Number of protein chains: 2
Amino acid sequence: MKDFTWLNPTTLDFGKNKEKKIGEHLAKQGSQHILLCYGSDRIKRDGLFSSVISSLEKNGITFVECGGIVSNPTLGKVREGIALARQNNVDAVLSVGGGSVLDSAKAIAAGVRYQGDVWDLFMGSGSIDSALPVFDILTLAATGSEMNSGAVVTNEETNQKYAINSVHLFPVVSVVNPDLMKTITRDYLVYSAADIIAHSIEGYFTASHQPHFQSRMVEAIIKTVMESTEKLLVDPSDYNARAEFAWASTQALNGLIYSGTEGYSYPNHMIEHALSALFNVPHGAGLSVVMPAWMKWYQSRNSEQFARFAREIFGLDTAEQGIAALENWFNKIGTPTRLPQLGINNISAELIDNILGNADWFGIKDIYTRDVVADIINKAK
Amino acid sequence: MKDFTWLNPTTLDFGKNKEKKIGEHLAKQGSQHILLCYGSDRIKRDGLFSSVISSLEKNGITFVECGGIVSNPTLGKVREGIALARQNNVDAVLSVGGGSVLDSAKAIAAGVRYQGDVWDLFMGSGSIDSALPVFDILTLAATGSEMNSGAVVTNEETNQKYAINSVHLFPVVSVVNPDLMKTITRDYLVYSAADIIAHSIEGYFTASHQPHFQSRMVEAIIKTVMESTEKLLVDPSDYNARAEFAWASTQALNGLIYSGTEGYSYPNHMIEHALSALFNVPHGAGLSVVMPAWMKWYQSRNSEQFARFAREIFGLDTAEQGIAALENWFNKIGTPTRLPQLGINNISAELIDNILGNADWFGIKDIYTRDVVADIINKAK
């Protein structure tokens, strides 16, 4: 097992009505004036916004709004948020939304304390030495951002979808109330399932050494996500299924399943980030297209683990059967598995170049050469 | 799923030679003069002690020794440690040892800051409002104390083995180096396996609502512990097996597998604590005797989960087969399954009374009446 240091300081407040305590959490940390980040005005219509405001007011906390954050959140919006935070001298950032809002909030929190342009932090030419404290109320479970130190943002000028990571970016408190997730669309539910599965399998398949315990945890997450997705497609109001889905989502990317894992990489994310950056496809939808293709290309390199996956997840015998079963399951729940379903009918040089740029950023360009990337992406046609 | 708040602030520094960084960890937190708790002089002979001292010295940290802490650690020794800590005005407590040393260190850390007698904290007549920061180097993986907020101590005057729990008792930094565990005896390895399995099954079987994800995590832990125990019995120097064992042990009682679990209790610990308090049996050895007996008594109350246990852990069909398989496995690895193996040939009224006292303390005396307790304990004859 690889040496590791586990530290995850986030308080996760999980359950019904927990969003009503957000003002209390902020006040406890000394916050008085915050930047309130959110996406569409939907949260104003469905009562969540007024519930949050009421909790802030009760605790004497004032706020500046930063709304309109979109999926595949943009650098432009992050820069806008940083300017707003500076002008108003806020002392914390609160995200009310899914992973896109939260990742924007994290980028803003880091950017406010950084003297140069925030994109430096994504390119590695600047470092995150501190950040405003981040709090969040999660309305979509998928990215795991609520209990980790990372954030992904798209630079819409350069079409780069890159990440930052810093111990300063763990949310102080994350509220996860499964009830807030019951109105998400069927599409976003199944995209989220694909996202969580992608987070789980990257290390599982690519590690040079994967502890058996970590494999078992990954399998626990995948089985739970598949089971709860199927339940939610039948009954979106199934609280326990929604809760299991959300809790498994958090565990998939909070560091737990990667602890002790050696020599792993994120090739599926590497490829998908190019699809999101260039075609603005939903991240999870991109991933459910990439995963079967990548698995078909990669499986002979770790055939034992692929056979294990087939056996443990689907009760099947061979690596090929396991991959086909996953692709079938994606088809069954209705998340795309082929590029044309994303509206991508031609594999352009720009797409391959973008993926190669990501391969460089992820530190795996030696494996993912132009030919290899073309081979994988062609399997997704 | 039950509402819960997850917060675990412990930094777990896991891997080879990590004990050499302990001085650095302490200095980073501002410690200058510490109480150094340990058990027997074995750590002085095997080089660990000098390695720790060297790290402390390098970081300008002085220390006062509190050695001689025994398994089933005693209140008397805790009181002695508190006096020593006060006389020497230490600013932190460092445990070098297994769960007994660490639990004593935690009790000392809480007791130093409490005006009355430390036993009040165990009886609930005093509260833990603060504690000295606790650090530890773990030399035996079993209790999970390295990443939780609890501590168990025996009052040798009253024969009560009780616990304290407080957010102030999470270790600041726990060092887990599997290499330090390779010299533990065969007996303590198998007792530890039983202890970890006991931590895992209490909620799994007794919960009124157990999320499927939590069940899967429990099964991941049990399978890993069984697999790595068997490997270690063949080759005690198998680093990866030792590491998986230790990491699974930490996860079994750091709060993870109990998050979202509703209405559970600790009946096996309730019974075992009486065996340890009265007969000073090793905790894990007591648990491997108690578990099969308790399971036989309890199984009809949650037959579905017992059938699941049989299926998932042993690939068997019925609850009864699963319980028998666990008992057989305990016999195979060489941890006791019957009271006479612990030297207990008569079931005295004192034993039953002690268990009933624990039932009261654990808040489950309505279920565990005199007749029930006698019934269970008779199944362990």
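This is a predicted model: local features need pLDDT of at least 70, side-chain atom pairs count only at pLDDT 80 or more; totals for chains, interfaces and linings use all residues.
The meeting of the chains comes first. The contact draws on 39 residues from chain A and 39 residues from chain B. Between chain A and chain B, about 3,500 Å² of area is buried, and carbon and sulfur atoms give 58% of that area. Three residues stand out on the side of chain A: A:M1, A:F213 and A:W247 supply 21% of the area that chain A buries against chain B, more than any other three residues.

Which elements of chain A give two or more residues to the side that touches chain B? They are the strands β1 (4-6) and β2 (11-14), together with the helices α8 (212-234) and α9 (239-252). Of these elements, α8(A) gives the most to this side, with 11 residues. Sorted by kind, the residues on the side of chain A that touches chain B divide into 18 nonpolar, 12 polar and 9 charged.

Side chains of opposite charge can pair when their charged atoms come close. Across the interface of chain A and chain B, 2 salt bridges are found. A salt bridge links A:R216 with B:E227, and here the closest N and O atoms are 3.1 Å apart.

The two chains are also joined strand to strand. The strand β2(A) pairs with β1 of chain B (residues 4-6) in the antiparallel sense, over 3 bridges. Within this pairing, A:D13 has B:T5 in β1(B) as its bridge partner.

The next topic is the inside of chain A. How many residues of domain 1 of chain A are in contact with domain 2 of chain A? The domain assignment of chain A places domain 1 at residues 11-180 and domain 2 at residues 186-378. The C-alpha centres of these two domains of chain A lie 26 Å apart. As for the contact, 26 residues of domain 1 of chain A touch 28 residues of domain 2 of chain A. The area buried between domain 1 and domain 2 of chain A is about 2,100 Å², with 57% of it given by carbon and sulfur atoms.

Between the two domains of chain A, 11 residue pairs are in polar contact, both residues being at pLDDT 80 or more. On the side of domain 1 of chain A that touches domain 2 of chain A, the strands β2, β7 (150-155) and β8 (160-165) of chain A each supply at least two residues. The strand β8(A) gives the most to this side, with 4 residues. The residues on this side of domain 1 of chain A divide into 12 nonpolar, 10 polar and 4 charged. Across the interface of domain 1 and domain 2 of chain A, 1 salt bridge is found. The side chains of A:E272 and A:K161 meet in a salt bridge, at 3.8 Å from N to O.

The strands β7(A) and β8(A) run antiparallel and are joined by 6 bridges. In this pairing, A:A151 stands opposite A:I164 of β8(A). The hairpin has 4 residues between the strands, and A:N159 takes a positive phi near 55 degrees.

Over all chains, the count comes to 36 salt bridges. One of them joins A:R370 and A:D353, whose closest N and O atoms are 2.6 Å apart. Because A:R370 lies in helix α15 (residues 370-378) of chain A and A:D353 in helix α14 (residues 349-362) of chain A, this pair ties together parts that are 17 residues apart in sequence.

Conventions. Residues are numbered from 1 along each chain as its sequence is written. Chains are lettered from A and ligands numbered from 1 in the order in which they are written. Side-chain values use heavy atoms; hydrogens and water are left out. Contact means heavy atoms within 4.5 Å. Buried area is the accessible area (1.4 Å probe) that two parts lose on being put together, summed over both. A salt bridge is a side-chain nitrogen of Lys or Arg within 4 Å of a carboxyl oxygen of Asp or Glu. Ala, Val, Leu, Ile, Met, Phe, Trp, Tyr, Cys and Pro count as nonpolar, Asp, Glu, Lys and Arg as charged, and the others, Gly among them, as polar. Two strands pair if DSSP finds at least two bridges between them. Domain bounds come from an automatic or database domain assignment. A polar contact is a pair of N or O atoms within 3.5 Å; within protein, one must be able to donate a hydrogen and the other to accept it, and residues adjacent in sequence count only if both atoms are side-chain atoms.
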